[in-house]
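Have the viewer open as you read.

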Amino acid sequence: MSRRSNEPMWWLPFSGGMMVDAMVIPALVIITGALVPLGLVSEETLRGLLSHILGRLFVFVVVALSLFHAAHRLRFTLIDLGLKSVKGPIGVVMYGSAIVGTLVAGAAAFGLGDVCGSVLRVCGGR
Amino acid sequence: MASGGATSTGPGGSKPRNYLRPMPVLWWLKRPAYLKFMVREVTSAFIAGYALCLLVLMCGAGDADGFHTMFVSLQSSTSIALHIVVLAFALFHTVTFFNLTPRAIVVHRGEEKLPESAIKGAHYAGWVVVSAVLFFIVLRG
């Protein structure tokens, strides 16, 4: 019955996500939500940055860590809301989604196959 | 981690019986501190949602026409309204997290403990620098 907790393993990406989210998300939201609408950032600049390998690496890190951060938090939020009986499946769904999201983000950022095309189709962007 | 009496074996070596105190689903509305905790938890979902939008934007960068459509939609009032909501949650996360850092990180300097304000201050200073670098990168272009 007694099983070693797998929590320490999830703690690293979780705390990394907590830090990265705190440090970069407000500025990024101000960039895409205020500087772009105000015309202070041109389309070429933004597209250039998002096409650059360092820009893509940055987006990958932010996406991956944010997903693990949210997965870990929401897992415990749902348990706290009374879903303690389905604790196991919640963990699988939460961390599973984070892992899948990370793989998709990685493949998209590093141009493997046509993952970006698929992401855009799913989001109705094309 | 030992969970104390909750897992101790009952008399006669029978299986442990864990008592789960029933909790009302809306327990977190009972006290402002609980609500704050819950809001903090939920900020992570909004931030993750925003990160996924960034991913879509990055994917759109591969195609000029598609990217143009996305860039124009960033200027819509719907997009701006969503950004305001995410910004509020993001700032809540940043501020509550930085204010908490002295509890998690205790730095010793010889015998002395580094004051809480120094640890908090270092995080805020780091935040300002990182944000300034990001703004510089996008505004320079």
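Start with α4(A): this helix has 23 residues, and the distance from its first C-alpha to its last is 33 Å, close to the 33 Å expected at 1.5 Å a residue. Bear in mind that you're looking at a predicted model. Just past the end of α4(A), Gly111(A) takes a positive phi of about 65°.

Which residues of α4(A) are buried? They are Met94(A), Ala98(A), Gly101(A), Val104(A), Ala105(A), Ala108(A) and Ala109(A). These buried residues pack against α3 and α5 of chain A, and also against α1 of chain B. Leaving aside neighbours within four places in sequence, Leu55(B) is in contact with Val59(A), Val63(A), Ala105(A), Ala108(A) and Val119(A).

Now take the whole contact between the chains: 51 residues of chain A are in contact with 48 residues of chain B. Looking at the chain A side of it, α1 (7-35), α2 (43-51), α3 (53-80), α4 (87-109) and α5 (115-122) each put in at least two residues. Here the largest share belongs to α1(A), with 15 residues. Sort that side by class and you get 33 nonpolar, 11 polar and seven charged residues.

Step back to chain A as a whole. Its secondary structure is five helices and zero strands, running α-α-α-α-α from the N terminus on. How does the radius of gyration of chain A compare with the globule rule? At 17 Å it is well over the 14 Å that the rule gives for 126 residues, so chain A is more spread out than a compact globule. Along the principal axes, the C-alpha atoms of chain A fill a box of roughly 60 × 30 × 25 Å. Still, 41% of the 126 residues count as buried. Among contacts in chain A with a separation of 6 or more, 62% are between residues 24 or more positions apart.

As for confidence, chain A has a mean pLDDT of 85, with 92% of its residues at 70 or more. Within chain A, α5(A) has the lowest confidence, at a mean of 80, and α2(A) the highest, at 92.

Chain B is built from four helices and two strands, in the order α-α-α-β-β-α along the sequence. Buried residues make up 19% of its 141 residues. Of the contacts in chain B with a separation of 6 or more, 36% link residues 24 or more positions apart.

For a last stop, find Leu100(B) in helix α3 (residues 77-104) of chain B. Is Leu100(B) buried or partly exposed? It counts as partly exposed, because it has 14 C-beta neighbours inside 10 Å and a residue needs 20 or more to be buried. Its C-alpha atom is 9.6 Å from that of Glu116(B), 16 residues apart along the chain.

Notes. Residues numbered from 1 in each chain as written. Chains lettered and ligands numbered in written order. Predicted model: local features only at pLDDT ≥ 70, side-chain atom pairs only at ≥ 80, totals over all residues. Buried ≥ 20, exposed ≤ 12 C-beta atoms within 10 Å, placed from the backbone. Contact = placed C-beta atoms within 7 Å. Nonpolar A, V, L, I, M, F, W, Y, C, P; charged D, E, K, R; others polar. Rg over C-alpha atoms; globule rule 2.2 N^0.38 Å. pLDDT = per-residue confidence, 0-100. Expected span 1.5 Å × (residues − 1).
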